[in-house]
Amino acid sequence: EKETAINLLESLKSLHSYFKQVSTKVNEKIPKLEAILNNSKKSKTFGEDLENHLRVQNLNIAMPLQIGIEGLKSKLKEEGLFRVSPSMPALKKLKASIDAGVNKNTILSKY
């Protein structure tokens with residue numbers, strides 16, 4: 001039994017050393033990863049902070065508002081424009097397109 005306990009102790013020491021090294025490496029990488037994520041242009045639009053969206057996308061007006069304004073420009077003479085809401089699948093598809101970074105003109109051509 002003593003030999004098994006010694007082997008177990010040595011294994012635990014080895015695992016402790018390994019995970020300590022891994023932890024050190026992870027702690028070194030976390031600030032770099034956070035910086036990359038904070039400056040990444042690939043971020044969700046919906047459900048995110050507006051200031052972050054504008055900063056990351058380098059915009060003055062949020063992309064969903066730009067798309068809405070551009071889309072309404074040619075349809076202002078249509079009757080009942082604001083009385084009919086979009087279908088949920090169409091709305092989800094539109095949100096997903098914006099979140100995925102699809103070009104504004106491509107989105108406008110589909111809706």
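This is a predicted model: local features need pLDDT of at least 70, side-chain atom pairs count only at pLDDT 80 or more; totals for chains, interfaces and linings use all residues.
Side-chain values use heavy atoms, with hydrogens and water left out.

Ser97 itself lies in helix H4, which covers residues 88–99; helices (H or I, at least four residues) and strands (E, at least two) are DSSP runs, numbered from the N terminus. With a relative accessibility of 16%, Ser97 counts as buried, where buried means under 20% relative accessible area, exposed over 50%, and partly exposed in between, for a 1.4 Å probe and with protein chains only.

The chain as a whole contains five helices and zero strands, and its elements follow the order α-α-α-α-α from the N terminus on. Its radius of gyration is 26 Å, well over the 13 Å that the globule rule gives for 111 residues, so the chain is more spread out than a compact globule; the radius is taken over C-alpha atoms, and the rule is 2.2 Å times the number of residues to the power 0.38. Along the principal axes, the C-alpha trace spans about 90 × 30 × 20 Å. Of the 111 residues, 9% count as buried, and of the contacts between residues at least 6 apart in sequence, 41% join residues at least 24 apart. The accessible surface, computed by the Shrake-Rupley method with a 1.4 Å probe, comes to about 9,500 Å², of which 59% belongs to carbon and sulfur atoms.

Regarding charge, the chain carries 19 positive and 12 negative side chains, and the centres of the two sets lie 8 Å apart; Lys and Arg count as positive and Asp and Glu as negative, while His and the chain ends are not counted. One salt bridge (a side-chain nitrogen of Lys or Arg within 4 Å of a carboxyl oxygen of Asp or Glu) is found in a search of the whole structure. A salt bridge joins the side chains of Lys73 and Glu70, with an N to O distance of 3.3 Å. Because Lys73 and Glu70 are three residues apart in helix H3 (residues 63–73), about one helical turn separates them. Lys73, at 55% relative accessibility, counts as exposed, whereas Glu70, at 34%, counts as partly exposed.

Notes:
Residues are numbered from 1 along each chain as its sequence is written. Contact means heavy atoms within 4.5 Å. The place of a charge is taken as NZ of Lys, CZ of Arg, CG of Asp or CD of Glu.
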